[in-house]
Amino acid sequence: MATFKLDGIAVPFEPGDTIIRAAHRQGLTIPHYCWHPGLSAPANCRMCLVEILPKPGQKPLSLDILELDKKTGQYRPIQKPKLQPACYMAAAEGLEVLADTSEHVMRARHDVQEFLLLNHPVDCPICDQAGECTLQDYWLEYQKTPKRMHDEPVHKPKGVEFGPTIVYDGERCVMCTRCIRFMEEVAKDPVLDMRERGNLNEVVVSPGRQLDGHYTFMTEHVCPVGALTTKDFRFKARVWFLRSAPSVCQGCATGCNAHLDYDPRYNKAYRYRPRDNEKVNKYWMCDEGMLTYKEAHDGRVLEASVDSATRTTAQALEEAKALLSGVPMDTVAIVLSARYSLEDNWALRELGLVLMGTRNVYVSGRPDGYEDDILIHHDKNSNTRGVAELVPGAKSFEALVDDVAARRITHVIALGGSAPVNAGPLGAAKLVTIAAHGGPLTQLARVVLPATSWAEHSGTYVNAKGMRQIADKALEPLGASKPAWKQLADLATALGYEPSWVKLKHIRGQLIGSASPDASTPSLPTSASAE
Amino acid sequence: MEPLDVELDEGELELPAEPMHLNMGPSHPAMHGTVRMVLELSGETIAKVDVQVGYLHRGFEKMCERGTWAQVFPYVDRLNYVSPMLNNIGYALAVEKLCGVAVPERCQWYRMALGELARISDHLTCDGAMAMELGAFTPFLWFIKAREMVWDILEEETGARLTHSFGRIGGMAEPPTPDFKKLCRAALPQILHLLEEGERLLLNNRIFLDRLENVAPISGPDAIAMGWTGPCLRATGVAYDVRKAHPYLKYDEVDFDVPVGTKGDTLDRFLVRLGEIRQSKRIIEQALDRMADDGPVNCDDPRFVLPPKSDVYTTIEGTIRHFKLIMEGARVPAGEVYSYTEAGNGELGFYLVSDGSGTPYRARIRPPCFQIVGGAQRLLEGRMLADIVPTFGSLNMIGGECDH
């Protein structure tokens, strides 16, 4: 591969790469505000300026400038190299680029940073971006000098509501235009633009419009400073108290990679941030998805219950045992959930097909919904593909409703509380539900066992493209909840069976055999095919 | 009480043949610093002694790995808590060595003056308490009166009498107060006067001298072999003082002598400390003479030193600098360092490892009295029970720095 040299380090590049993109791919960061790997390059922040050495024998590109001689107090004419924006300069074979090693580049960064802070308000103590703000990082790295301008800064609108989700602070804005370009290039809704010039610049919403749609949160996320904030996260938490776990969005079958930010002191999730994955979501997430972090707390089943009355888990297991003892297995059904991890569904499949010996397997989940051609998938379940791989012949939820109505099924063990269609007829069956969130299947259940949500245990999910992705544990289990596979092991023990899984690694070991890693050519699950 | 009517000859007394076991400490008035000695006595002679440290162990080094580099200062206050300023300076110098920053000259003189004041307070406390434990209460009160004068100055400078937390990476928390020089110059003669009075009272007292002289001596090579430093080593005649051997701050620019003993006994350890108080006075006087009355105390490196408060409240640059240093901590370049200074008890070393973040990756201390307490057993075995009190007092074990 062709290479160029950045500060003496060889950097390979592909045709069409800019200097900053090739360096970024190698993990070398050239400081920047306006450049974003997923957006076009306007080269307007001037932070990524680099010095390009002339080819041997060629005249360098230079500028005539006047330099103040501090001793004499006189200006004298000198020449300095003309710097180039690394985000716009195409990489070329043998190019010699100087960044951190060039005094001119360091000087330019210092001066650009000084300009950007010229009118910046003293907002760090009240700014949600503080702690993850590029202005703060670059000041310490490249500027380090105190303010020289002591005039009143230019004042601009603060706390402007751009729409139902986003608030804009004009004084904090560095005019990188990332939000404008995101709405135009990715969300395909050019609703933002810039008005005025120079230090009167500000970002505005098109007249008669507001910033709405399905991708407004991303404008906040691409903002390198605290100019855009979401109403959801605004003034809720300070980022240096938050810890982050790599997670997978549970909002739909796309399976966007995300960071789940939580405060370990309160065991509370605060936000989702997109986690870059070129193969799935690139750098983006949708609003609905980013808000699903709330489901770690909202609508949760936290206690075991019997006939809607709170019980200890042990009492509920007793009741489940009483319900399911002596029942002929051809009238017992298990309902897998497309919203639960492979591990949870595997445990239920193992209990139903192997230990209990029923052949009635159904799948539940959420009904389909809105879709677009950017990220949002019509299937609102995170693991539909995984469940299909686990039990290829599983019947639909509608079939279960019919079978219960026809009295072919009288006892049901269900994973998850949600149902894609009206689950009312299931009231006729004796239902044991293991669920993290309340729903039709927990309301109809005789026995409910609390499960942890995706945020409280590590689980594998297969997205619509068939990619297996792991969402890691962030929070400690809430209430009396346990991972569903653990509750299922306890249920199996209560029913008099010996579960083969005690730890997560037992299940993970089994899963490797039951579906191929990339899932493009799913093989039949071993135990189900043996039935 | 009636006199015994039986005439008892010494030889007729049936003394127990079994050695007697005795616990001294950890809560015992003479076991300062909460140390425990398990003694095996043969009569009043110490057959065996097991010196057990660790009763003041707080996991100081581990605690350092939680906060920022600057948040270590309150912890080092509580190492040798009789001279916290010396620990502050020692730690600051260690971090500065790792960062490659040097503090301005004014700050160096200021640190020397404050440090020597702390040394005076350390030695006064040690010698005073030792005398008191032998029954000489008056000199103790005089020495403590002198120490109060030192603490008054330190309180004026730092706001705290004991745990100052006054050191900073790249400087001190505050510049010297306008009256600092005046206060020192007024107090030092008074301190020395009190010292001389107490000294006269003690060194002309036969009982006091008998309890110290030739008690628990140690030779220079033995002391070195055990890693002793500080006054206890110098009492054996080895003139090793970090300030002379490896000068830091401005110690190579001032005149002072290193008092040494000859026999390495308890009396020598007592006298060396008295001598060092006089030398500290000399150093302070020279430091005051040479310290500028104005000029910066902190180096102006935004990576390590907080900006002026007025800047923090009015400019974004100041706010960012403050925010970065407080919330994320000064980022100390990755690497490791061993830095050592002469503290009250000897060579106080800090071994620090940085991974380049705002939090120490590892902080390790070499407390001078740890090695010294390690030699206590050797000094005490074969001596009388009553010798423990002056001998242990002269070693100046401080639990806060010893237990780590």
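Modeller: Two strands pair if DSSP finds at least two bridges between them, and strands (E, at least two residues) and helices (H or I, at least four) are DSSP runs numbered from the N terminus. This is a predicted model, in which local features need pLDDT of at least 70 and side-chain atom pairs count only at pLDDT 80 or more, while totals for chains, interfaces and linings use all residues. Residues are numbered from 1 along each chain as its sequence is written, and chains are lettered from A and ligands numbered from 1 in the order in which they are written.

Biologist: Which residue of strand 20 of chain A stands opposite I334(A)?

Modeller: Strand 18 (residues 332–337) of chain A runs parallel to strand 20 (residues 411–415) of chain A, and 4 bridges join them. Within this pair, the residue opposite I334(A) is I413(A).

Biologist: Which residue of strand 19 of chain A stands opposite S337(A)?

Modeller: Strand 18 of chain A is also joined by 5 bridges to strand 19 (residues 360–364) of chain A, again in parallel. With helix 8 (residues 342–356) of chain A, these two strands make a right-handed β-α-β unit (clockwise from the first strand over the helix to the second, with the strands pointing away from the viewer). Opposite S337(A) stands S364(A).

Biologist: How many residues of strand 18 of chain A are buried?

Modeller: A residue is buried if 20 or more other C-beta atoms, placed from the backbone, lie within 10 Å of its own. V332(A), I334(A) and L336(A) point one way and A333(A), V335(A) and S337(A) the other way, and all are buried. The count for strand 18 of chain A is therefore 6 of its 6 residues.

Definitions and conventions:
Buried ≥ 20, exposed ≤ 12 C-beta atoms within 10 Å, placed from the backbone.
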